Amino acid sequence: AMQAYKLREAGQGDVGAVTALVQSVGWLNQGGVAQCHSIWRLSSVSDVAEAKPVATTAHAPCCLVAETQQGEVVGSTFGVVFGGSAFVCNVIVAAKHRKQGLASRLLQTEIELLVAHGAKLIGLDASAMGAPLYRRIGFETYCIVAQHTCGDARAALKNFTHHEMEEAAACVVMATHEGRAQMVCADRAAFGADRSRLIACDEDCFVWCFKGNEGSTDPEGAVCRTGAVGARIGPIYAHSERSMRLLLAAVCAQIPDCLTKQCDLWVPHTAAEYSARTAVSLGFAAVASCERMWLKATPDAPPVHALPPWYCATMGPDLG
């Protein structure tokens with residue numbers, strides 16, 4: 001028999017249940033739990049106010065959970081609005097509650113919320129299991145994004161020469177206010193929307209590295225988001241293979257020893273050829289992929305932004 005489920009906007013008290021859902025589908029090592037807490041921090045007005053964003057653009061998160069009549073949370077999804085664009089994160093339904101249309105209900109309701117918050121174009125990264133559902137709703141594939149994984153980020157450092165490590169240390173600096181402004185500028189050009197509030201909110205679990213002179217018209221940089229059991233590198237903005245190597249050297253050198261069990265890097269197929277080649281040469285192996293998909297949610301939705309080749313790694317399948 002079909003069960004009845006209630007969909008509602010999530011609250012701070014749902015963090016534990018949603019984290020358990022993320023763990024149940026094996027996304028823990030991909031930074032999913034860190035992502036959950038990032039979104040929850042954005043969803044709190046007080047936390048957003050304390051995030052000290054580089055820009056004042058409001059990023060409204062829309063967090064949904066599905067629960068049984070007994071109050072058990074068995075599904076969830078998130079969406080974050082970036083001006084006229086939005087990105088849907090982690091549409092999850094517990095295994096024993098699938099095949100009842102719950103994922104479709106969650107996504108359709110999430111789309112309605114995002115449109116109500118001003119989104120005209122909505123993106124997501126789809127797994128092979130989720131892609132058919134998204135196509136039925138109207139999402140279209142833009143590109144493939146490949147997951148590259150390294151079992152030990154510190155081990156990757158053995159692939160750099162001593163001279164490269166010295167050069168990376170000399171030209172790459174940890175985040176400053178000016179550096180974050182450069183990152184926001186590069187990210188806006190790469191992703192096609194203003195994610196400044198998101199980029200600024202998570203300094204506690206981010207490693208920031210920047211290359212290039214202050215005020216450069218072509219800033220280059222890399223971000224590493226750390227979690228409980230691993231780390232994810234991305235976004236990476238690099239205009240040459242040499243820059244990408246130096247940025248990866250700097251980032252890997254900053255990852256604490258306790259977080260080197262797994263390090264992920266998501267490379268879009270739109271990226272320059274040296275992106276995947278550099279990752280593989282440093283010990284990262286391609287292990288999975290997802291489809292970057294977009295939905296024109298309103299009649300006046302703009303064209304999908306073309307990812308530039310120097311956008312060498314995305315933020316990942318949970319945040320774009």
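This is a predicted model: local features need pLDDT of at least 70, side-chain atom pairs count only at pLDDT 80 or more; totals for chains, interfaces and linings use all residues.

Let's begin with Q3, which sits in the segment before β1 (6-9). Its relative accessible area is 39%, so Q3 is partly exposed. Although Q3 and Q100 are 97 residues apart along the chain, their C-alpha atoms are separated by 7.8 Å. Q100 is also one of the residues that Q3 contacts beyond its neighbours within four places in sequence; the others are T68 and H97.

Now step along to R8 and look at the charged groups around it. The structure holds 9 salt bridges, and R8 takes part in one with D14, where the closest N and O atoms are 2.9 Å apart. The side chain of R8 also meets that of E67 in a salt bridge, at 3.3 Å from N to O. This second pair links distant parts of the chain, since R8 is in strand β1 and E67 is in strand β2 (residues 61-67), 59 residues apart. Taken together, R8, D14 and E67 are linked in a network of salt bridges. How exposed or buried are these three? The cut-off for buried is under 20% relative accessible area. D14, at 9%, is therefore buried, and E67, at 11%, counts as buried too. R8 has a relative accessible area of 22%, so R8 is partly exposed.

K120 itself is partly exposed, at 32% relative accessibility.

Next, turn to helix α11 (residues 273-281), where Y274, S275, T278 and A279 are buried. Why do these residues share a side of α11? They cover an arc of only 130° around the axis, which puts them on the same side of the helix. The elements covering the buried residues of α11 include β6 (140-150), α10 (241-254), β11 (263-268) and β13. After α11 comes G283, whose phi is positive, near 105°.

Finally, look inside. In soluble globular proteins, nonpolar side chains tend to be buried together. Here, the largest nonpolar core has 38 residues, and L102, L107, L114, I122, L124, Y134 and F139 are those with the most contacts inside it. At least two residues of this core come from each of α1 (15-24), β2, β3 (73-82), β4 (85-93), α4, β5, α5 (131-137) and β12. To see one of these residues in its surroundings, pick L107: leaving aside neighbours within four places in sequence, L107 is in contact with V88, V91, L124, Y134, I137 and F139. There is also a second, separate core of 32 residues, which includes A153, A249, Y274 and F284. Y274 brings us back to helix α11, where Y274 is among the buried residues.

Notes:
Residues are numbered from 1 along each chain as its sequence is written. Side-chain values use heavy atoms; hydrogens and water are left out. Helices (H or I, at least four residues) and strands (E, at least two) are DSSP runs, numbered from the N terminus. Buried means under 20% relative accessible area, exposed over 50%, partly exposed in between (1.4 Å probe, protein chains only). Contact means heavy atoms within 4.5 Å. A salt bridge is a side-chain nitrogen of Lys or Arg within 4 Å of a carboxyl oxygen of Asp or Glu. The arc is that of the directions from the helix axis to the C-beta atoms. A nonpolar core is a set of buried Ala, Val, Leu, Ile, Met, Phe, Trp, Tyr and Cys residues joined through side-chain atoms within 4.5 Å.
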